[in-house]
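Subject: Structure handover and notes

Hello,

Here is the structure we talked about handing over. My notes on it follow below.

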Amino acid sequence: MESSRRKFIKIAGISALGLGVKPVFNVFASSEEHGRKSEIKKSKDALTAEQWGMVIDTRKLTTAEDVEPIINACNKIHNIPDHQNKNHEIKWIWEEEYEHAFPGKENKYLNERIEHLPFLVLCNQCEDPPCCRACPTKATFQREDGIVMMDFHRCIGCRFCMAACPYGSRSFNFRDPRPFIKEKNNEFPTRMKGVVEKCNFCAERLAVGKKPACVEASNGAIAFGDLGDPGSEVRELLRENYTIRRKQGLGTGPSVYYIV
Amino acid sequence: MNDKNKIVIGLIIFVVILTFPFWYNMGKAAPVPEPKLTDKAKAAKECIESKEFMKSEHMQILDVWRDTVVRDTDRIYVSSSGKEFDMSLSNTCLDCHSNKEEFCDKCHDYASADPYCWDCHVDNPKEKK
């Protein structure tokens, strides 16, 4: 009698445990099933490169009227706000004088054409980007194709990257940019107050097989391609023309070249 | 127990105050909201995955999407039924679910979830301004 009661309690206990555990197993089984089937991949049209680069032919961009449509094309598709206050200005690609774009290269007596030429400047997508080293959250990072990207989800707005960038290519959103966007492009997100932004070499366009907006708007004055491919258009241009880069002595390895 | 009455009255008042929020709000609980589907979403029959899966996992999916799109440059999601989708909140999700107030906000407000997606991502891509 003693031993059979003992047995009964044992069996009852194990059964209760089994019944209690079953729903938990069901949950795990179903979630794993869902996770396995789907996959994530690149688009077939996506453009790829070892190191994206740009060659800007300043001989073809001689007046402010030449560069304005290029700047506007970028501003429009990336929802860049137009703050009237200079302190709040957001810049991805903009126009700069020679002496400001190339400090250290300005001579006392300068070629007249060069002196007043509007140079288009943007993020140089450096090979060894100092901004990425400064970022404490890895919100800015270098992709495998050389593009220096911003992950706005991670940016905490510390602005170390702005201090680290020797080209002033980064802008901080001191205010909510949304009310200052003239024409909204609904296909591209805006930014929020408190994040740093900059040119992304149109990563969103490369992903669907299009060249950057500034290249498209430049009527051939800006060439874009793979610096790692000796047969590419940019490498061809670099072979045939004398080019300069911004502050290359700093060792950041800018990927934007200028034919002067 | 000389102050029996006082203690009992005090206890009753204490219990009444303690349970006040419960009986005051009795029967007033907001009904669980049912998100409304647009005609386009209805016509599609199924989202990128099954309804149950989307209900419980959409936040994880979006979290994976944002990381893979921004950091790994992969932008195509192949669902378990083999269909391909562009991994974009504004351009894919909100293309069907273009009624954010009726679809997203209803449940988020009820659950007191306050995602900051819309600080940057355009919340109504079809809207013309």
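Which residues of H2(A) are buried? They are Val67(A), Ile70(A), Ile71(A), Cys74(A), Asn75(A) and Ile77(A). Buried here means that 20 or more other C-beta atoms lie within 10 Å of the residue's own; exposed means 12 or fewer, partly exposed is in between, and C-beta atoms are placed from the backbone.

Before the rest, the conventions. This is a predicted model, in which local features need pLDDT of at least 70 and side-chain atom pairs count only at pLDDT 80 or more, while totals for chains, interfaces and linings use all residues. Residues are numbered from 1 along each chain as its sequence is written, and chains are lettered from A and ligands numbered from 1 in the order in which they are written.

Chain A overall

The secondary structure of chain A comprises nine helices and eleven strands; helices (H or I, at least four residues) and strands (E, at least two) are DSSP runs, numbered from the N terminus. For 260 residues, a compact globule would have a radius of gyration near 18 Å, but chain A has 27 Å. That radius is taken over C-alpha atoms, and the globule rule is 2.2 Å times the number of residues to the power 0.38. The C-alpha trace spans about 115 × 45 × 35 Å along its principal axes. Domain 1 covers 1–32 and domain 2 covers 52–259, with bounds from an automatic or database domain assignment. Their C-alpha centres are 65 Å apart. Of the 260 residues, 34% count as buried. Among contacts between residues at least 6 apart in sequence, 66% join residues at least 24 apart; a contact requires C-beta atoms, placed from the backbone, within 7 Å.

Helix H2 and its surroundings

H2(A) runs over residues 64–77, and its end C-alpha atoms are 20 Å apart, which agrees with the 20 Å that its 14 residues should span at 1.5 Å a residue. The expected span is 1.5 Å times one less than the number of residues. The buried residues of the helix pack against strand S3 (93–96), strand S4 (119–122) and helix H8 (213–217) of chain A. After H2(A) comes Asn79(A), with a positive phi near 55°.

S3(A) and S4(A) are antiparallel partners over four bridges; pairing requires at least two DSSP bridges between the strands. Glu96(A) stands opposite Phe119(A) in S4(A). From S4(A), Phe119(A) and Val121(A) point one way and Leu120(A) and Leu122(A) the other, and all are buried.

Met54(A)

Met54(A) sits in strand S2 (residues 52–57) of chain A. Met54(A) counts as buried because it has 23 C-beta neighbours inside 10 Å. Beyond its neighbours within four places in sequence, its contacts are Ile222(A), Ala223(A), Phe224(A), Ser255(A), Val256(A) and Tyr257(A). Arg235(A) is 181 residues away from Met54(A) in sequence, but 9.7 Å away C-alpha to C-alpha.

The interface with chain B

In total, 22 residues of chain B are in contact with 21 residues of chain A. On the chain B side, helix H3 (51–71), strand S1 (76–78) and helix H4 (89–96) are the elements that give two or more residues. H3(B) gives the largest share, five residues. By class, that side has eight nonpolar, seven polar and seven charged residues. Strand S1 (residues 39–41) of chain A pairs with S1(B) in the antiparallel sense over three bridges, and Ile40(A) has Tyr77(B) as its bridge partner there. For the classes, Ala, Val, Leu, Ile, Met, Phe, Trp, Tyr, Cys and Pro count as nonpolar, Asp, Glu, Lys and Arg as charged, and the others, Gly among them, as polar.

Regards

How values were computed
Two residues are in contact if their C-beta atoms, placed from the backbone, lie within 7 Å.
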